[in-house]
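Colleague: I would like to learn how to read strands, cores and ring pairs in a model. Can we go through one together?

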Amino acid sequence: MPEAPSDDGPVGSLPPEHRAVLRRWAEEGGPLATRASVVLLAADGLRDAEISRRLGVSRQTVGSWRQRWTSAGLDGLEHRPRTGRPATVDEAEVVTRTLLAPGGSGASRAVARELGLSHATVAGIRRRWRLGPDEARAPSVPTRPPLPGAPVWLMGLYVDPSRAVLLAGTRRGAARPAAAGTVIGTEVLAGLDRALEAALTAAKARGAEGAGPARDRSEDHGLSEYLAEASRSHPDLGLHAITLWDTDAVPVSPSYEGQVTSRQVTRHQIPARSTWRTFLRAMVALDSTSHPESSRRVYLDLAAELERYATARSDRPCDAVRWLRENVAGHLGTDRTIGATARNQSWSGVNQIDLGSFNECVVIETVRLSGTITRGEIAHRTGLTQQSVSRIARSLLDRGILIEDAQRRATSGKPRTPVRLCGTAAHALGIHIDPEVLTAVVIDLDGAIVCTRTRPVTADIDPAEFVERVAALGRETLTEARGAVREDGFLGIGVAVPGPVDIASGTVLGPPLMSAWGDLPLLYLLKDHFPCPVLMEKDSTAAAAGERWIGRDRRARDFAYLYLGTGVGTGLYLNGDIYRGISANAGEFGQLCAIALGRVDKDGRPEILPECNPPVSVPDLAVRRGMRPVRTASWSASSGGTASGSTAAYLAVGEAAAAGDPAASAAVREVAQAVGRGALGLVDLLDIDLIVLGGPFFTEDVAGFYLDEITRTVNEFPTARRLRRVEVEPSVLSAEAAAVGAASTIFHATFTPRLRGREGRARHLPTG
């Protein structure tokens with residue numbers, strides 16, 4: 001038994017066997033680590049105040065465990081003094097669960113119950129990290145030394161056999177971001193944990209195969225190069241290298257300057273009250289819930305990088321994980337003064353149409369689909385009471401959303417007064433981004449185009465200049481429409497872009513023929529320019545939304561919209577709502593066509609079909625079949641200079657096909673047949689009876705070819721062809737289908753009735 005010490009003095013000499021046990025406990029972590037560290041430091045002569053400061057615990061905790069050691073030795077340290085409460089608190093675990101729990105002060109109590117902590121403990125941790133619901137300042141990350149008090153992004157991860165370093169980025173002067181909601185689920189965190197565990201196992205194995213225990217100089221150089229690359233890639237961020245673990249346990253200096261770059265990257269250790277695993281999870285949760293652009297895609301990319309490292313073959317070794325994320329919103333030099341100017345314009349009175357109930361949306365949808373309808377007919381169709389319909393209609397009439405038509409003479413009783421939507425009650429701006437041209441339109445509630453503008457663009461344009469050009473086009477279009485648009489009835493801006501897209505982060509991922517714009521956080525860059533709601537949608541999905549809105553009762557059922565643009569895409573309207581899928585990329589049509597035609601490469605990957613890029617494939621096929629090559633420059637000039645390159649060639653072949661040219665006709669028909677085989681797969685898969693064709697390359701000259709071929713294919717070959725007749729119809733939208741559809745997504749989001757159940761499915765039912 002050790003000697004009895006004074007109240008605040010050394011605990012006396014430790015027997016070697018006890019010291020060995022205490023050291024093992026301290027190294028293993030867990031609930032015994034703090035207790036063992038208290039006794040070891042006390043044995044070295046440190047007083048309670050110094051031990052408390054070093055370990056980050058209270059003096060009462062230090063005194064309690066010293067007393068237990070004195071009275072009961074090792075058994076006293078192993079005994080838990082308070083049943084049901086953990087001996088140590090992992091702050092990072094509390095932060096992660098708080099961020100991913102449904103919000104408000106209730107989250108603290110729920111987390112406290114789940115972890116067996118007091119509510120006061122959880123609330124204190126939230127205050128230390130500045131995670132309170134009313135906290136105006138950016139979150140504070142208590143690393144050692146602490147990160148600056150500014151918005152924090154998780155920017156990279158470096159792992160080699162000797163150490164793991166997390167790279168965080170901060171931007172001073174940035175406002176605290178609005179909560180984005182949980183955009184990364186616990187399943188993504190679990191997948192990241194598994195990938196990280198596999199990468200660490202591989203790193204340890206490669207370290208064991210090395211020359212010896214001493215750190216390889218090349219590893220230090222590898223980290224230096226990584227930090228230098230990060231500095232070059234993110235010049236407007238303050239970068240902070242946080243050591244998660246280090247096998248050599250080298251003391252961390254206050255700062256670090258890379259050998260390749262002179263720009264400083266500060267060095268930090270994880271918080272004293274966290275493990276490196278829980279700290280990494282907390283940083284992922286903090287980033288993803290603070291910044292909309294930090295979506296699950298970012299962390300799926302990180303998990304994929306860790307898995308590549310873990311599974312690297314011996315003949316193709318990978319010495320380290322060097323994951324570095326792409327630019328985050330605001331990194332492209334966006335002119336913030338332009339955004340400030342936009343907020344000072346009269347368009348700042350945005351979205352003042354406030355729909356007070358689900359039933360109001362039900363009434364508006366019923367009126368929209370009917371065109372003109374009486375209140376009694378609304379009650380009959382919706383199941384709402386006559387009194388409810390009268391009250392809602394009166395409110396909508398007062399706000400100018402509905403207007404009354406001429407009275408109808410009734411067979412009995414007083415004349416009935418029908419109502420209809422007031423087209424000028426609301427407007428929206430739609431912008432379509434195409435590799436060759438930008439199109440912007442302002443439409444009203446009836447889908448009538450108030451004004452339209454276009455601007456040419458090239459696929460190799462600098463991303464920053466591209467964003468400025470899109471914003472300028474939007475401002476010009478709004479200025480032109482100012483006289484026709486009510487200031488309080490402008491609802492917002494919809495942007496249609498080629499897929500694939502990451503809607504959660506507002507990022508254009510890898511658009512065809514637009515490689516320079518890959519991983520561009522377009523949505524959140526555009527939000528700097530406009531003070532109104534801005535939505536982003538895949539172009540084919542936007543076109544389907546526009547078709548549904550403007551088609552009214554003609555499109556009041558399930559349908560697939562085949563969008564013929566730079567590529568063929570599909571927009572789906574199913575079960576009364578736009579179907580986007582888990583990642584909002586439903587409707588990628590090209591691979592479906594390739595599978596239907598049996599066109600796969602040697603690895604089994606579906607080919608990229610040229611037939612699914614009509615402006616390129618149609619002219620090529622026409623030339624191969626004997627048509628003289630089209631001189632696009634002269635054709636463009638004769639057409640007023642509105643088309644160029646492959647677009648002009650496509651339009652010229654379409655004219656020739658309409659005039660009866662056999663080579664041109666055969667080329668258009670061959671592409672239509674390929675598209676028809678993909679449409680056949682849609683019909684069999686979804687069991688739909690309506691396909692709509694539209695888009696910029698569904699022109700009047702070629703419409704008959706596409707309609708005939710696709711109609712024949714989807715009615716002759718489906719499995720259930722005896723049970724249905726599939727209609728194939730041209731779109732009700734104009735050539736600006738995607739731009740009009742983009743604007744319609746604003747109306748769709750504002751006025752379409754939907755209730756979300758627990759499974760997230762929309763239920764289009766009146767409430768009484």
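Colleague: Which residue in β3 is the bridge partner of G169?

Modeller: Start with the naming. Helices (H or I, at least four residues) and strands (E, at least two) are DSSP runs, numbered from the N terminus. Two strands pair if DSSP finds at least two bridges between them. Here, the partner of G169 in β3 is L239. Strands β2 and β3 (residues 238-246) run antiparallel and are joined by eight bridges.

Colleague: What should I know about the model itself?

Modeller: It is predicted: local features need pLDDT of at least 70, side-chain atom pairs count only at pLDDT 80 or more, and totals for chains, interfaces and linings use all residues. Residues are numbered from 1 along each chain as its sequence is written, and side-chain values use heavy atoms, leaving out hydrogens and water.

Colleague: Which residue of β2 is the bridge partner of W153?

Modeller: G169 again. Seven bridges hold β1 and β2 in antiparallel pairing. A hairpin of three residues links β1 to β2.

Colleague: How do I read a nonpolar core?

Modeller: In soluble globular proteins, nonpolar side chains tend to be buried together. A core is a set of buried Ala, Val, Leu, Ile, Met, Phe, Trp, Tyr and Cys residues joined through side-chain atoms within 4.5 Å. The largest one here has 51 residues, and L157, L166, L244, F279 and L306 have the most contacts inside it. Helix α8 (residues 186-208) gives the largest share, nine residues. Apart from this core lies another, of 46 residues, including V363 and V692.

Colleague: What does L166 touch?

Modeller: Contact means heavy atoms within 4.5 Å. Leaving out residues up to four places away in sequence, L166 touches, among others, L154, L157, I242, L244 and F279.

Colleague: How many aromatic pairs are there?

Modeller: Rings of Phe, Tyr and Trp (its six-membered ring) pair if their centres lie within 6.5 Å; planes under 30 degrees apart are stacked, over 60 edge-to-face, and the rest tilted. That rule gives six aromatic pairs. In one of them, the ring centres of Y158 and Y226 are 5.4 Å apart and the planes are at 45°, so the pair is tilted. Y158 sits in β1 (residues 152-159) and Y226 in helix α9 (residues 217-233), so the pair ties together parts 68 residues apart in sequence. Both tyrosines are buried.

Colleague: Where does R368 lie?

Modeller: A charge sits over a ring if NZ of Lys or CZ of Arg is within 6 Å of the ring centre and within 35 degrees of the ring normal. R368 lies over the face of W549, at 4.2 Å from the ring centre. W549 also forms an aromatic cluster with F747 and F751.

Colleague: What is the strand order in the sheet with β16?

Modeller: The order is β18-β17-β16-β19-β20, an open sheet with mixed pairing. Its edge strands, β18 (577-579) and β20 (727-730), each pair on one side only. Strands β16 (residues 559-565) and β19 (residues 690-694) pair in the parallel sense over four bridges. There, L562 has L693 of β19 as its bridge partner.

Technical notes. Buried means under 20% relative accessible area, exposed over 50%, partly exposed in between (1.4 Å probe, protein chains only).
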